[in-house]
Amino acid sequence: MKTKVGVFFGGRSTEHEISVISANQAMAAMSREKYDIIPVYITKEGKWYTGDALTDVANFRDTAALLQKCEPVYMRPIYGDYNLYSMKTAGIFRHAHKIIATLDVVLPVLHGSNGEDGTFQGVIETIGIPFAGCDVLSSANGMDKITMKMILASEDVPVVDYVWFTDKEWFSRHDALVEKIEAKLGYPVIVKPANLGSSVGIHRADDRKALEAAVADAEKYTSRIIVEHLVEDLCEINCSVLGNCDDYRMSVLEEPIKSGEILSYEDKYMGGTKTERGMQASKKRIPADLPADMTERIKFLAGETFRVLSCHGVSRVDFIVDRKDNSVYVNEINTIPGSLSFYLWEATGLAFDALMDELVRLAFKRKEEQSRKIVSYSANIFAMGGGVKGAKGAKGVK
């Protein structure tokens with residue numbers, strides 16, 4: 001029996017197109033002798049579709065025509081129901097929806113908001129189906145740069161100095177926040193939406209006017225904004241981590257090559273050829289040309305980041321190295337990295353198909369371990385008269 005893998009991608013995210021590319025790469029790498037692949041594409045409006053046409057990234061050039069070849073589907077938020085249902089009713093049974101497939105495991109390849117941030121993982125955990133990658137907690141903490149930095153700093157994992165605030169605070173406490181930024185960080189700074197990836201909405205600010213403009217752009221995407229000290233003479237280094245927070249391994253390091261001061265969306269995704277897109281097509285050095293002691297330091301901190309945030313599956317940890325004094329800082333973690341970081345694992349000696357096998361194995365292993373935990377008590381407190389006192393409408397009940 002083949003394992004039925006539901007690969008979910010697309011989504012309501014600024015990284016929608018990158019998700020499509022990553023998912024198609026992953027599906028192409030998976031063995032058809034081991035797996036039945038069921039692609040589930042989530043549109044930018046949040047609708048779900050399935051169909052074989054979704055496995056060819058070229059079809060996404062005309063999304064309207066593509067969806068005409070696909071079937072709208074959904075899953076029910078009922079624990080233990082692993083079925084993927086058609087939105088269309090089944091023949092004469094007006095309320096019966098056809099089962100398209102019964103999934104064994106889910107592979108989320110949803111970059112950015114409404115996917116990588118724990119939103120989708122919450123839906124899947126409600127259903128109870130095994131799934132690859134981080135759970136709700138680690139996904140949410142990894143996606144939000146503010147929360148991530150707070151947690152890492154509390155465990156002595158180095159991060160650059162920062163100031164954070166909400167969009168409403170920016171207006172209600174504007175002058176105080178500007179003074180705090182200038183006093184604590186000074187210029188230049190880098191302004192980021194707290195919960196986006198792929199370098200969307202990120203700007204350098206060298207003075208107060210530029211700071212105002214950068215925050216104005218960042219708040220278009222999110223209500224939580226972070227301003228960081230900008231390391232000017234920097235080297236960016238990435239490392240992937242695979243496993244679970246108690247048993248993991250690190251890949252070789254890469255040094256992305258940027259065209260400007262900040263590694264841009266175009267640097268990450270618009271390189272390569274027509275047939276080669278995604279993070280693996282961007283310009284980089286693999287392995288990164290670093291001294292052995294710095295390489296080991298970065299690998300250690302990548303593992304610590306993965307462990308401290310209780311991650312699972314495959315992630316990529318991005319670092320900043322300050323060339324002035326060789327200080328190393330964790331910049332961010334990508335809990336569903338572009339191209340699933342397969343190119344880093346290939347350079348480490350793990351083929352793409354083997355990486356996919358490992359993600360599926362880890363998903364089933366976590367489900368098995370979770371099944372041993374207690375989630376409810378058999379005692380019925382209502383039958384014993386408990387939980388009544390103080391309830392609305394319970395006057396006179398003792």
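This report describes a helix pair and a strand with its neighbours in a predicted model.

## Basis of the description

Because the model is predicted, local features need pLDDT of at least 70 and side-chain atom pairs count only at pLDDT 80 or more, whereas totals for chains, interfaces and linings use all residues. Residues are numbered from 1 along each chain as its sequence is written, and side-chain values use heavy atoms, with hydrogens and water left out.

## Helices α1 and α12

Helix α1 (residues 16–29) packs against helix α12 (residues 352–370) at an angle of about 95°, and their axes lie 8 Å apart. That makes α1 roughly perpendicular to α12, a term that covers angles of 65 to 115 degrees.

On the α1 side, Q25, A26 and A29 meet F352, D353 and M356 of α12, where contact means heavy atoms within 4.5 Å. The residues of this contact comprise 4 nonpolar, 1 polar and 1 charged.

Strand β9 (residues 189–193) is mostly covered, with 5 of its 5 residues buried (under 20% relative accessible area, with a 1.4 Å probe and protein chains only). In a regular strand the side chains alternate between the two faces of the sheet.

Strand β10 (residues 203–205) runs antiparallel to β9 and is joined to β9 by 3 bridges, with V191 standing opposite H203. Strand β11 (residues 224–229) is also antiparallel to β9, through 5 bridges, and I225 in β11 is the bridge partner of P193. Two strands pair if DSSP finds at least two bridges between them.

Conventions: Axes are lines fitted to C-alpha atoms, for helices over the stretch in contact, and angles run from 0 to 180 degrees between N-to-C directions. Helices (H or I, at least four residues) and strands (E, at least two) are DSSP runs, numbered from the N terminus. Angles under 35 degrees count as roughly parallel, over 145 as roughly antiparallel, 65 to 115 as roughly perpendicular and the rest as oblique. Ala, Val, Leu, Ile, Met, Phe, Trp, Tyr, Cys and Pro count as nonpolar, Asp, Glu, Lys and Arg as charged, and the others, Gly among them, as polar. Buried means under 20% relative accessible area, exposed over 50%, partly exposed in between (1.4 Å probe, protein chains only).
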